[in-house]
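Visitor: I would like to learn how to read the contacts, the sheet and the helix packing in a model of this kind. Could you take me through them step by step?

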Amino acid sequence: MKGIRTVTRRGLSISAKTGYIPNLTVWKPMAVGMWAWWLHRITGLALAAYLLIHVSLMSIAILKGPELFDSLLSMLMTSKLFLIFDLGLFAAVLIHGINGVRLILFDLGIGMRRQKEIFWFAMALVAALFIWSFLRILPEIVR
Amino acid sequence: MSVNLTVKVFRYNPEVDDLPRFDTFDVPEMKNMAVLDLLYQIQDNQDRSLSFRCSCRIGMCGSCAMFINGKSRLACRTLVGGLGTKEIHLRPLPNLPILKDLVVDMDPFFDKYERVKPYFVPKEERKDFYRVSEGADERKLIDEMLECITCGACYSSCTMVTTDPDYLGPAALNRAFCLVADKRDGAGAERLRLVGNTDGVWRCHSQFNCVEVCPKQIIPTWSIQQLRKRCVFKKLGIRV
Amino acid sequence: MINKTDGTLSWFLQRVTAVGLIFLLGVHLWLLHYKNPGEIIKFGDVAIRLRTLTFFFVDMGLLTFGLYHALNGINNIIQDYGIGTTGRRSIGFILVIIGCVMVFLGGVSLFKFV
């Protein structure tokens, strides 16, 4: 019976398959609120990693002077791969940001009883804005 | 023509077994059968060594909470027909130590409950009773939260409880707010101190799993938000 | 003993920086990417933009708010895993160091245009 084990962590035995990304395998299917939490966390981590790279890269490019800066940016902004990665980044920003607004609404006590509907509305907004950005950047990618 | 249900039950006896296993039982389905009836059937007719907790069988005591087909539910209040399948998977509640089969050790749950000072502390000496009218908003507010039967379903569904063993959990925090919201109670400030830390209200990430599973339709997330509001106001020096 | 730290201020600031970032990031992404897709940004354009007070503050805001929000977020995730007091303190310390280094690096590069 692979995979089922009692895990002892500080004396606590946990019956379900947990490990360090818990409840993803236990809860079937995952409820809406849990999807929101998971998406928010994943996009948050991705954006945090990107931010650290972005700040370092841009600062060093600026400090090294106009030639390096211009060549770096022209290389990045014409690279198809980078533009596609950029779209993914924007998707992450949209998901994290708009779900974040949903969370702030809850922090103000608004809408908790309709949290699922608000999540779907938020995701519709994400989809709409993403499609807008995709259509805007597409000409640059296919050029 | 009754169809047989296939019931897979988590079995583990720490005194005898090295590893847990799933036992499969065939149980004839009866009309309006609840999962608790299933368990009685198995225990009476097929395997007397099966262990599970139950008491009132009408959703009032909170003893029979277990993990049924992917979610924490009360066995007595889960109708087999409502599960929409002939295959039933039964596991003990997650996030709690297993004593045997479907029975979990509720001590960690109640230890955390105790940590929030879960009992009423009178505000002052009074000669007469408080008068709170029947339809008053404050009464309705507290009545909702008072419904908690400490079944442990919410506690077992919260991811933050799984990853942080010291997190108070939805039930304890709901109880804390139930008392903080009560104008007759005098220990509100102390309770805010007890829950206003990173193993208390600040650990909740509004996942809403607790709301999904509560058999009494309580919204612990809301109670936690109300506690957070009071903590922030206190920190910023704003009087409520 | 239960590990307890008062998380009120950090929770509150996380929300404050979040709201700030919604506006700042919106401005940043629109101006630099979506207003003129396909325009390649040159050093000279950046210099012109950052010499104005508004955009200097927008970019400084992005730097500070963004780093606080991200590193505080990571700290939150670490806390979710119930690490002991010494662990929390060390990780918190490391995150603060990373934050300061980044703000310094970013700040120096922004000040280059002033």
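Guide: Let us begin with the contact between chain A and chain C, which takes 27 residues from chain A and 23 residues from chain C, where two residues are in contact if their C-beta atoms, placed from the backbone, lie within 7 Å. This is a predicted model, in which local features need pLDDT of at least 70 and side-chain atom pairs count only at pLDDT 80 or more, while totals for chains, interfaces and linings use all residues. Residues are numbered from 1 along each chain as its sequence is written, and chains are lettered from A and ligands numbered from 1 in the order in which they are written.

Visitor: Which element gives the most to the side of chain A that touches chain C?

Guide: Helices (H or I, at least four residues) and strands (E, at least two) are DSSP runs, numbered from the N terminus. On the side of chain A that touches chain C, H1(A) gives the most, with 11 residues. By class, that side of chain A has 14 nonpolar, eight polar and five charged residues, with Ala, Val, Leu, Ile, Met, Phe, Trp, Tyr, Cys and Pro counted as nonpolar, Asp, Glu, Lys and Arg as charged, and the others, Gly among them, as polar.

Visitor: How should I read a sheet, and in what order do the strands of chain B come?

Guide: Strands of a sheet pair through backbone hydrogen bonds, either parallel or antiparallel. In chain B, five strands form an open sheet with mixed pairing, in the order E2-E1-E5-E3-E4, two strands being paired if DSSP finds at least two bridges between them. Strand E2 (21-28) and strand E4 (71-74) of chain B are the edge strands, each pairing on one side only. Strand E1 (residues 4-11) of chain B runs antiparallel to E2(B) and is joined to E2(B) by eight bridges; B:Leu5, for instance, has B:Val27 in E2(B) as its bridge partner.

Visitor: At what angle do H9(B) and H1(C) pack?

Guide: Axes are lines fitted to C-alpha atoms, for helices over the stretch in contact, and angles run from 0 to 180 degrees between N-to-C directions. Helix H9 (residues 220-236) of chain B packs against helix H1 (residues 8-34) of chain C at about 100°, with the axes 10 Å apart. H9(B) and H1(C) are therefore roughly perpendicular to each other, a term for angles of 65 to 115 degrees, whereas those under 35 count as roughly parallel, those over 145 as roughly antiparallel and the rest as oblique. B:Cys231, B:Val232 and B:Lys235 of H9(B) make the contact with C:Thr8, C:Leu9 and C:Phe12 of H1(C).
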